[in-house]
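Have the model open while you read.

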Amino acid sequence: MKTNVIRKAGKLALATRIKLLAEKMLQDGSEIYKSLNIDFEPRFFAVFYLLKDYPSLSVTEIAHHIGISQPAVTQILNSMIKKNLVKMIKDKVDTRKKIITISKKGEAMLPQLLPLWKDFEEGVGEIFTRSNINILDVLDKIESAIDEKSIFERVTERVKNRLRQNVKIIKYSPEYKNYFKNLNLEWLNHFFEVEPVDRKILNNPESEVIDTGGMIFFASIDDEIVGTCAMIKTDDTFELSKMAVTESARSKQAGHVLCEAAINFAKDKKVKSIFLSTSPKLAAAVNLYTKFGFIPEEISEKNKKYKRDTFKMVLALES
């Protein structure tokens, strides 16, 4: 029944299906070693097979060759050392470095293992022949695709795109005035403190932003205002300012959609660049601005707008 459910799930259960298949093959391998009274485990194979061709390797080198973590290699090696299949010795050149080699017992076991591994290879090859596929070629292609872009990246990209579809952008009108102030006060009180220059803009959004040619945007998710930002006209450019997203919505892509709306507004106004002030404390925000192409720029202390630790980032809009 469990197998049917997994097969019905298709691609969604690929990792589970591969894991179950691997566990079944490892279990078969373990039973074969036991049936032949060979004191060896399938999980030792990769390390032992590697040491057969490279007799002296460090834990780091083994982990690199096999492609698993050092703690995982150490765990396998500890079990192999207990069975006296390998030994750990000090490097002759660098005594701080530990070298792993096959022990005399391990070397004595090789004449039994090598022909058995050949039998394993032929047994698996029989499955390839019957199924008319070479799964090693398929695995090579899957591994190359994952090296190019991980499953994490592929899925995360889709999740973010789906969440962005749920964010609606609303332009300023007086009925949203308090959202602009309250969202920013929540954000400022969480990360910094509210400064006079903040209060001046938050208490007077129309005279400080709208009436001078700027715009305030709001992000709405499920008819709830969850974020805001302002584009403040400054000479021949705009300052992207007062970006704030309520804490419960900070993983819902509202900041990304607000930033996109602000940049498109500036492009429509034909300005050459946008700048903003942000803080090294706001790693997620800096990462967001960097993804949109904003570049850090030197600014003197006397030209800083806020008392809080900030730096300037600039986005050029002309090619």
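## The second largest pocket

The second largest pocket comes in at a volume of about 880 Å³, where volume is the space filled by probe spheres set on grid points joined across faces, edges and corners. A pocket here is an open set of points on a 1 Å grid over the protein atoms alone, where a 1.4 Å probe fits and protein lies on both sides within 12 Å along at least five of seven lines; lining residues have an atom within 4 Å of a point. Its lining runs to 36 residues, with Met 243, Gly 255, Ala 284, Ala 285 and Leu 288 closest to the centre.

Elements giving at least two lining residues each include α8 (151-165), α9 (177-191), β6 (237-245) and α13 (283-291). Helices (H or I, at least four residues) and strands (E, at least two) are DSSP runs, numbered from the N terminus. The lining splits into 18 nonpolar, eleven polar and seven charged residues; Ala, Val, Leu, Ile, Met, Phe, Trp, Tyr, Cys and Pro count as nonpolar, Asp, Glu, Lys and Arg as charged, and the others, Gly among them, as polar.

## About the model

This is a predicted model, so to speak of local features takes pLDDT of at least 70 and side-chain atom pairs count only at pLDDT 80 or more, while totals for chains, interfaces and linings use all residues. Residues are numbered from 1 along each chain as its sequence is written, and side-chain values use heavy atoms, with hydrogens and water left out.

## The largest pocket

The largest pocket holds about 2000 Å³ of space. Of its 44 lining residues, Ala 22, Met 25, Val 124, Leu 136 and Leu 139 sit closest to the centre. Helix α2 supplies the largest share, 13 residues. The tally is 29 nonpolar, six polar and nine charged.

## Arg 308

Arg 308 sits in the loop between β8 (295-297) and β9 (311-316). It counts as buried because its relative accessibility is 12%; buried means under 20% relative accessible area, exposed over 50%, partly exposed in between (1.4 Å probe, protein chains only). Beyond residues up to four places away in sequence, Arg 308 touches Glu 193, Glu 195 and Asp 198, among others, contact meaning heavy atoms within 4.5 Å.
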